Amino acid sequence: MEPFFVAFPLHYGNLTSVFRHADNDASHGSSLIAHRTIFAALFLLFSAYSAYVYTAGTKALNAEPMNDRARHGQQLFQRNNCTACHQIYGLGGYMGPDLTNVISRRGRAYASAFLAAGTQRMPNFHFKQAEISALLAYLDFVDATGTYPPTNYHISWLGTVSQADDPR
Amino acid sequence: MIARQRDLIGLDFMRLGILALAAGMFFGVIGSFQFLFPDFLRELLFAQTRPLHVSLVISWIFLASVGGIYFYLAEQCNLPLWSKRGARVHFWVFVVTGLVILSSYFAGKFSGREYFEFPAALSIPIFLSWILFGVNYFNTLRGHHGPWPVYYWMWGTGIVFFFITFSEAYLWLIPYFRQNMVREITVQWKAYGALTGSWNMLVYGTAIYVAGRITGKQDAARSKLAYSMYFLGLFNLMFGWAHHTYPVPSQPWIRTLAYAVSMTELLILGKILWDWRRKLDDYQKHRQCHAYRFLYAADIWIFINLILALLISVPAINLVTHGTHITVAHAMGSTIGINTMILLASVFYVIREQRPQQDRGAGSKPITVAYWVANISLGIFFTALIFAGLGKGLYHGASFQGMMLTIRPWLLVFALSGIGLMLGLWVVLWHAFRLLTRISSTAANAAANQTG
């Protein structure tokens, strides 16, 4: 199966326990303003953070922009729901291997053979040669963006990881 | 005197949700066996069973949450729906769109995105019906005097953030996003991380509402503690998602921030441990009530899942667990252990309120047995996924097939316990569906007699 119901950090702790702490501070008028202010402040921060993530935070690293063939490959990848079985950077299904660096680690010929004939696990999608080329171009494009899983890294005492092969 | 006509559209949403969950689990079980035996049911590819499973189970979460909100507002909070017709249109748009989505999967038409694997055009009716829901919700609340209890905040937040995250999940349609792989993957995780946060707002709001009603401590939904937990959850929803993107080469501080934000959940863990003893006492008091029992199961799953979430949010541990079945274990713990248990509590609370004798009478024993079968099966299922994930994460060979052979015994346990989980929940769902249908038909007959 796969990480579609992604782990997310939203827990309210022990639900029933909240009700043992019913306090009597019913000063609701002022708290209403406080709640609205906190919400508005968080929302503004979230908006600014989102804008950053959409722009500078995820600036393109690969010098080559996506070409038409790779774009066609991306469409084929989506249209055939390849993500149901394959992952990119760990996002997707687990029936098949992660494809982030399949080209640099296994080679184009290897990937091409799978695309052309399928395997016991992977159905034969009967791709035409042009479609195989497009999919390979897309995988080439993905490959150039980074390394996953990381092979060269250092773990600090805080539990953070610095990846030597991180393009950043 | 003519009695107010009842707003029971919420029950229709709940019943539809029950059907979706029952079918979703069925496709999940088929998918788990296809995982083990790739030739199993070749006519239906794994690329089809997976989205069928995902979409149906997500639908259950939304339908049961939305149903609860419509029902509680209209029937218990003295807030008649601003537009009953709007709620009904919302329901039918969901039904029709849902059927078209399922047909598209069977026909092999995909957009190939996580969560929303159906053709992108089908998101338009969902989006429009959600606007209708939001307008209805906020206008209905205008009838409420005084400050909102925390569950109104949570439901409202869930509605608003669903708009935001659902829209964000479709940013890939713009070339600026989809042609930059780092942005494409990061924004996808951002949208999905916050999307699950948004439905959790709906689900946890429901839990707080139901728990308050059962224990009679409704003022607690206005306590400082309840609001603190709400804001902590909101903070995590907004800024904690990036712990899924540790390996993606976005700006490093985005990932470090996510690590720090995720660790704020240690506060919640401490709180759970602090309250454990008193919680057991409450359980003893209400253990005969199905709704409370489901809430209690959710509490246990929150505890287990929170520990797992904290562990996999540490980058050094995430290095091993990312992209493995451990993420799935967490997902299943969240959607089944927490969300489904809470939503079943909501369903059984409605049943208890409307037909108290049925809640304690016939069907009670099978529900109790099924409750235990489902929870024990889920425990085994969860553990098998953890071990399968460890097997994958720690595998050092170069062959994918070799790795799959190593973890195969765990996947077999996972698939078999999945059957137990499905059967257990099917029994619970069958009784819930049956009782909800009786409530609806009794109300419909009463309305017909009144007009007649």
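Q: Is His126(A) buried or exposed?
A: His126(A) is exposed, because it has 9 C-beta neighbours inside 10 Å and the cut-off for exposed is 12 or fewer. This is a predicted model.

Q: Where is His126(A) in chain A?
A: In the loop between helix H4 (108-117) and H5 of chain A.

Q: What about the phi of His126(A)?
A: Positive, about 55°, although His126(A) is not a glycine. Most residues other than glycine have a negative phi.

Q: Which other residue has a positive phi without being glycine?
A: Tyr89(A), with phi near 50°. Tyr89(A) sits in the loop between strand S1 (87-88) and strand S2 (91-92) of chain A.

Q: Buried or exposed, Tyr89(A)?
A: Tyr89(A) is buried, because 30 other C-beta atoms lie within 10 Å and 20 or more is enough to count as buried.

Q: Which residues does the cis peptide bond join?
A: Tyr148(A) and Pro149(A), with omega about -10°. Pro149(A) is in the loop between helix H5 (129-143) and strand S3 (153-155) of chain A.

Q: Domains next. What does the assignment give for chain A?
A: Domain 1 covers 27-57 and domain 2 covers 68-143. Their C-alpha centres lie 41 Å apart.

Q: Now the contact. How many residues does it take from each chain?
A: 105 residues from chain B and 77 residues from chain A. On the side of chain B that touches chain A, H7(B) gives the most, with 20 residues.

Q: What is that side of chain B made of, by class?
A: 55 nonpolar, 32 polar and 18 charged residues.

Q: And the largest nonpolar core, how many residues does it have?
A: 173 residues, and those with the most contacts inside it are Leu295(B), Ala298(B), Ala345(B) and Leu385(B). Helix H7 (residues 181-215) of chain B gives the most to this core, with 20 residues.

Q: One more residue: where is Leu319(B)?
A: In helix H12 (residues 315-321) of chain B. Leu319(B) is partly exposed, because 18 other C-beta atoms lie within 10 Å, a count in between the cut-offs for buried and exposed.

Notes:
Residues are numbered from 1 along each chain as its sequence is written. Chains are lettered from A and ligands numbered from 1 in the order in which they are written. This is a predicted model: local features need pLDDT of at least 70, side-chain atom pairs count only at pLDDT 80 or more; totals for chains, interfaces and linings use all residues. A nonpolar core is a set of buried Ala, Val, Leu, Ile, Met, Phe, Trp, Tyr and Cys residues joined through C-beta atoms within 7 Å. Helices (H or I, at least four residues) and strands (E, at least two) are DSSP runs, numbered from the N terminus. Two residues are in contact if their C-beta atoms, placed from the backbone, lie within 7 Å. Ala, Val, Leu, Ile, Met, Phe, Trp, Tyr, Cys and Pro count as nonpolar, Asp, Glu, Lys and Arg as charged, and the others, Gly among them, as polar. Domain bounds come from an automatic or database domain assignment.
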